[in-house]
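Have a look at the sequence and the fold before reading on.

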Amino acid sequence: DALIQIHTIQKLIKGGSISHVDEVTLIGIVNLHVLECQNVDCPCKNDAELYDANSDKFSERNLPFHKDGIFLNHFNKRLYEDALNKFINSPSLHIAFSFYLFETMKNVHASLVELNISEKKKPSLQQQFTIFRNKHIIENHIRVESTQSKDIYSQLTNVIEFERLLSECQKAIEKVCNFQIEFWSQLANILPDLNILNELGKKIYLSSQEAENFWNKLCKINPNYSKALTLYGYYLIEIKNHNQLGYELLEKAKANTYKKSLDELIKSADILFADDTAVLHVSGNKETAGRILKTNQGLTKIFGYNKSEVIGHSVNI
């Protein structure tokens with residue numbers, strides 16, 4: 001049902017000039033969602049800037065929802081996210097959302113992340129083929145675009161390589177664990193086979209070296225990724241008995257994922273955007289790189305611009 005609703009809206013959006021019946025259908029879907037939505041982050045509930053990568057424009061947010069194409073694209077993205085919160089193990093939803101992120105939102109990295117997630121949700125044979133095909137399409141796109149946007153896509157290549165290395169590191173750790181279990185099971189026998197123990201010892205050593213090599217490569221790309229720190233930290237504690245280093249990694253992971261309370265965030269934001277401080281909040285995302293997203297009245301005192309004159313424009317205005 002979720003996919004049917006999402007695909008219906010996509011069809012209506014892409015249809016260009018739509019019939020009166022289709023327009024009424026679209027109005028009904030959007031208005032019903034607006035009435036029932038309790039999510040303050042939903043684009044129907046806030047006036048945050050909405051960017052369209054295809055047209056390189058921001059939504060002016062002065063049109064009815066059903067006539068604002070940029071809003072509808074972000075609205076559809078929110079529907080995907082809401083559906084995935086309910087059906088998190090649905091490979092079809094993850095695959096569809098991945099292609100939507102790639103085709104409509106132009107978010108290549110997020111699209112690849114969704115495909116990687118879908119691979120872990122026990123997809124059918126047909127879905128596995130779709131995942132493989134979509135990955136191939138995206139990777140070809142990256143190769144083509146890398147000649148024009150070398151900095152952006154080299155960073156994206158690093159992200160893809162990091163995810164691959166993390167997966168390989170996890171597999172190597174699983175091998176160490178399995179060989180350890182076999183080793184101790186064999187040792188528990190009344191007459192353990194020394195040849196088997198020797199062979200398992202070699203496998204444990206080689207797998208441990210493999211896991212360590214993958215870990216070192218991960219650290220060269222990003223030594224602060226919480227998921228990787230947690231994985232390797234527990235491995236060091238539970239399997240290698242390197243408690244000190246393991247707990248250090250877990251503490252580092254905990255520090256990286258620490259979240260301030262809502263009151264602290266509001267307080268810091270109020271201080272940051274006080275009138276006696278000139279502040280520019282510039283987007284660092286690929287889609288909106290260099291765009292001014294937020295500022296305060298201190299800007300007027302220094303540069304003479306009003307807030308309305310700069311928000312949405314490039315920082316080199």
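Are H5 and H6 roughly parallel or roughly antiparallel to each other? H5 and H6 (residues 125-145) pack at an angle of about 155 degrees, with axes 11 Å apart, so they are roughly antiparallel (over 145 degrees, where under 35 would be roughly parallel; axes are lines fitted to C-alpha atoms over the stretch in contact, and angles run from 0 to 180 degrees between N-to-C directions). The crossing of H5 past H6 is left-handed, meaning that the near helix is turned anticlockwise from the far one by less than a right angle.

A word on the basis: this is a predicted model, in which local features need pLDDT of at least 70 and side-chain atom pairs pLDDT 80 or more, while totals for chains, interfaces and linings use all residues. Residues are numbered from 1 along each chain as its sequence is written, and side-chain values use heavy atoms, leaving out hydrogens and water.

Helices here are DSSP runs (H or I, at least four residues), numbered from the N terminus; the expected span is 1.5 Å times one less than the number of residues.

| Helix | Residues | Span, first to last C-alpha | Expected span |
|---|---|---|---|
| H5 | 108-119 | 17 Å | 16 Å |
| H8 | 194-221 | 41 Å | 40 Å |

In H5, Val108, Ser111, Leu112, Glu114, Leu115 and Ser118 are buried (under 20% relative accessible area, 1.4 Å probe, protein chains only). These residues lie on the same side of H5 because they cover an arc of only 160 degrees around the axis, taken from the directions from the axis to the C-beta atoms. At the start of H5, a side-chain oxygen of Asn107 comes to within 3.1 Å of the backbone nitrogen of Ala110.

H8 also has buried residues, among them Leu197, Ser207, Phe214 and Trp215. Its N-terminal end is capped by Asp193, with a side-chain oxygen 2.9 Å from the backbone nitrogen of Asn195.

How values were computed:
Helix = DSSP H or I, 4+ residues; strand = E, 2+ residues; numbered from the N terminus. Buried < 20%, exposed > 50% of the residue type's maximum accessible area, 1.4 Å probe, protein only. Polar contact = N/O pair within 3.5 Å; in protein donor to acceptor, adjacent residues only side chain to side chain. Parallel < 35°, antiparallel > 145°, perpendicular 65-115°, else oblique.
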